[in-house]
Amino acid sequence: MVATVRYLSHPQVLIDPAVAVPQWGLNDVGKARVDALAQTGWLTGTVRVVSSAERKAIETAEPLAESLGLGAKIRESMHENDRSATGFLPPDEFEQAADLFFAYPEISINGWERAIDAQRRIVQEVDAVLSESPAGDLLLVGHGGVGTLLLCHLFGWAIDRRRDQGIGGGNYFAFDRESRKPIHGWVPMEQAPDQEEPAA
């Protein structure tokens, strides 16, 4: 039985400098995108939905799980790269720090979790989820940063921000559950599986 694992990043969030980043929720656009995906039915056949414990990921995972008649499983260690040393950064400063995070994966940028450590963590978490889940398709809901690190691992690429998802989030990639071979890289969540094409 061929089974597919899809890793979905949360879509647009409500940015609030007064709230810790892991507690940010989805904004109206992000919620609408999740609701639209839940109504398409193209995730039918998914046997488990697993989410990061961050609020924005949970708000993405729960409606999708509910549409499948499932509950979302929460994994604390599927969180985004740990940026608590700086907390909220204005957009320009964040983009500069993120560029450095990917460019120098073995160095802690401003006290952030190193990219190589975040990559090791997300790979271990995904391996654990796959080993503990029933047979069938899986949906993992998380974040763009660690998602990109996972994608680089699956493709055998060096860590590189050029592999990052598009602006706004709400993208997914897919890989074969048994072989761990990628099916495709990041595509918008609106792109249904019947449009999935094998990775080059």
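Colleague: Leaving aside neighbours within four places in sequence, which residues is arginine 48 in contact with?

Modeller: A word on the source before that: this is a predicted model, where local features need pLDDT of at least 70 and side-chain atom pairs count only at pLDDT 80 or more, while totals for chains, interfaces and linings use all residues. Residues are numbered from 1 along each chain as its sequence is written, and side-chain values use heavy atoms, with hydrogens and water left out. Now to arginine 48: with those neighbours set aside, its contacts (heavy atoms within 4.5 Å) are Leu70, Lys73, Glu132, Ser133, Pro134, Asp137, Leu138 and Leu139.

Colleague: What makes the pair of arginine 48 and glutamate 132 a polar contact?

Modeller: A polar contact is a pair of N or O atoms within 3.5 Å; within protein, one must be able to donate a hydrogen and the other to accept it, and residues adjacent in sequence count only if both atoms are side-chain atoms. Here the backbone oxygen of glutamate 132 lies 3.3 Å from a polar atom of the arginine 48 side chain, so the distance falls within the 3.5 Å limit.

Colleague: Where is arginine 48 found, and why is that strand called largely enclosed?

Modeller: Arginine 48 is found in strand 2, residues 46–52. Helices (H or I, at least four residues) and strands (E, at least two) are DSSP runs, numbered from the N terminus. Buried means under 20% relative accessible area, exposed over 50%, and partly exposed in between, with a 1.4 Å probe and protein chains only. Five of the seven residues of strand 2 are buried, so the rest of the structure largely encloses it.

Colleague: How do you know which strands pair with strand 2?

Modeller: Two strands pair if DSSP finds at least two bridges between them. Strand 2 has five bridges to strand 4, in the parallel sense, and four to strand 3 (residues 72–75), also parallel. Serine 51 takes part in both: its bridge partner is valine 141 in strand 4 and isoleucine 74 in strand 3.

Colleague: And why is strand 5 called largely enclosed?

Modeller: Six of the six residues of strand 5 (residues 171–176) are buried, so the rest of the structure largely encloses this strand. Asn171, Phe173 and Phe175 point one way, with Tyr172, Ala174 and Asp176 pointing the other. Strand 5 runs antiparallel to strand 1 (residues 4–9), joined by five bridges, with threonine 4 opposite aspartate 176. Strand 5 also pairs with strand 6 (residues 182–188) over four bridges in the antiparallel sense, and there phenylalanine 175 stands opposite proline 182.

Colleague: Why does arginine 180 count as partly exposed, and what is its phi?

Modeller: Its relative accessibility is 31%, so arginine 180 counts as partly exposed. Phi of arginine 180 is near 65°, a positive value in a residue other than glycine. Most residues other than glycine have a negative phi. Arginine 180 sits in the turn of the hairpin formed by strand 5 and strand 6, with five residues between the two strands.

Colleague: What makes a nonpolar core, and which residues of the largest one touch the most other members?

Modeller: A nonpolar core is a set of buried Ala, Val, Leu, Ile, Met, Phe, Trp, Tyr and Cys residues joined through side-chain atoms within 4.5 Å. The largest has 29 residues, and Phe101, Leu140, Leu149, Leu150 and Phe173 touch the most other members. Helix 4 gives the largest share of this core, eight residues. A second, separate core of 21 residues includes Leu8, Leu26, Leu64 and Val141.

Colleague: How do you know that the buried residues of helix 3 line one face?

Modeller: Ala97, Ala98, Phe101 and Phe102 are buried in helix 3. Seen down the axis, the buried residues fall within an arc of 135°, taken from the directions from the helix axis to the C-beta atoms, so they line one face. Asp92 and Gln96, both exposed, are on the face turned away from the buried side. The buried residues of helix 3 pack against helix 4 and helix 5.

Colleague: What makes helix 5 mostly covered?

Modeller: Ten of the twelve residues of helix 5 are buried. These buried residues pack against strand 1, helix 3, helix 4, strand 5 and strand 6.
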